[in-house]
Amino acid sequence: EALHYFVTTPRPGSPLNGGIAFFAAGNSALDCEFPASYPEVVCVTSIGTDFTPSTFTSYGPAADITAPGGDLYYHNNVAGRVLSTLPSIKGGYGYMAGTSMSTPHASGVAALGLSYAKKLGKTFQPDEFRSMVLASVNDLEPYLTGLKRPTNSGAIDLTRYKGKMGSGMIDAYKMLMAVRGVPAITVPQ
């Protein structure tokens with residue numbers, strides 16, 4: 001009920017006539033976990049630096065979008081992780097990996113889009129803005145072939161992720177162009 005209230009209740013002065021909620025898919029390498037699997041939220045999966053699913057990421061029919069979350073078991077150095085605040089008594093920063101790292105990437109791009117909408121004097125309905133977020137992506141399907149060989153186990157068949165990582169990897173430029181109302185056309189490399 002709380003999530004439904006948040007998503008559907010307008011706030012004065014906001015460029016969004018309601019809200020949008022993002023949740024990490026989970027790190028079980030199975031189906032997306034609750035509350036990320038709840039239909040009214042954006043379920044965020046994780047990819048590594050090689051644009052393939054992180055070895056730990058949950059995925060499946062509930063997945064909505066993906067973002068960089070690192071891959072601790074594929075790259076055993078800081079290049080395979082995301083710089084984050086550390087949940088310790090001393091605080092500070094450190095390198096981590098997880099769908100909890102990918103979710104701030106996706107929600108941050110959405111927040112950037114809302115900030116830009118406010119600057120332009122535009123307002124959106126929650127469903128309309130959610131559709132814009134999910135369409136502001138780069139396709140991952142070309143990367144979902146072959147095998148990935150993590151350091152902690154045997155090879156992973158990447159085809160098992162096809163159609164189960166959400167609409168694609170979030171793209172800030174495409175989000176800003178969607179808010180502006182201009183198609184973002186990219187040229188393949």
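All of them come from a predicted model, in which local features need pLDDT of at least 70, side-chain atom pairs count only at pLDDT 80 or more, and totals for chains, interfaces and linings use all residues. Residues are numbered from 1 along each chain as its sequence is written, and side-chain values use heavy atoms, with hydrogens and water left out.

View 1. Buried here is under 20% relative accessible area, exposed is over 50%, and partly exposed is in between (1.4 Å probe, protein chains only). S4 pairs with strand S5 (residues 93-96) in the antiparallel sense, over four bridges; pairing takes at least two DSSP bridges between the strands. Look for Tyr93 in S5, the bridge partner of Thr85. Strands (E, at least two residues) and helices (H or I, at least four) are DSSP runs, numbered from the N terminus.

**View 2. Aromatic pairs.** The whole structure holds three aromatic pairs, meaning rings of Phe, Tyr and Trp (its six-membered ring) with centres within 6.5 Å; planes under 30 degrees apart are stacked, over 60 edge-to-face, and the rest tilted. One of them joins Tyr59 and Tyr161: the ring centres are 4.6 Å apart and the planes sit at 55°, so this pair is tilted. Tyr59 is in the loop between S2 and strand S3 (65-68), and Tyr161 in the loop between strand S8 (156-157) and strand S9 (169-170), so the pair ties together parts 102 residues apart in sequence. Both Tyr59 and Tyr161 are buried. Phe124 and Phe129 make another tilted pair, with centres 6.0 Å apart and planes at 40°; these two are buried as well.

**View 3. Helix H4 from end to end.** Asp171 caps the N-terminal end of H4, with a side-chain oxygen 2.9 Å from the backbone nitrogen of Tyr173. Within H4 (residues 172-180), Lys174, Met175, Met177 and Val179 are buried. The buried residues of H4 pack against helix H2 (99-120), helix H3 (126-135) and strand S6 (137-138), where contact means heavy atoms within 4.5 Å. After H4 comes Gly181, with a positive phi near 90°.

Methods: Polar contact = N/O pair within 3.5 Å; in protein donor to acceptor, adjacent residues only side chain to side chain.
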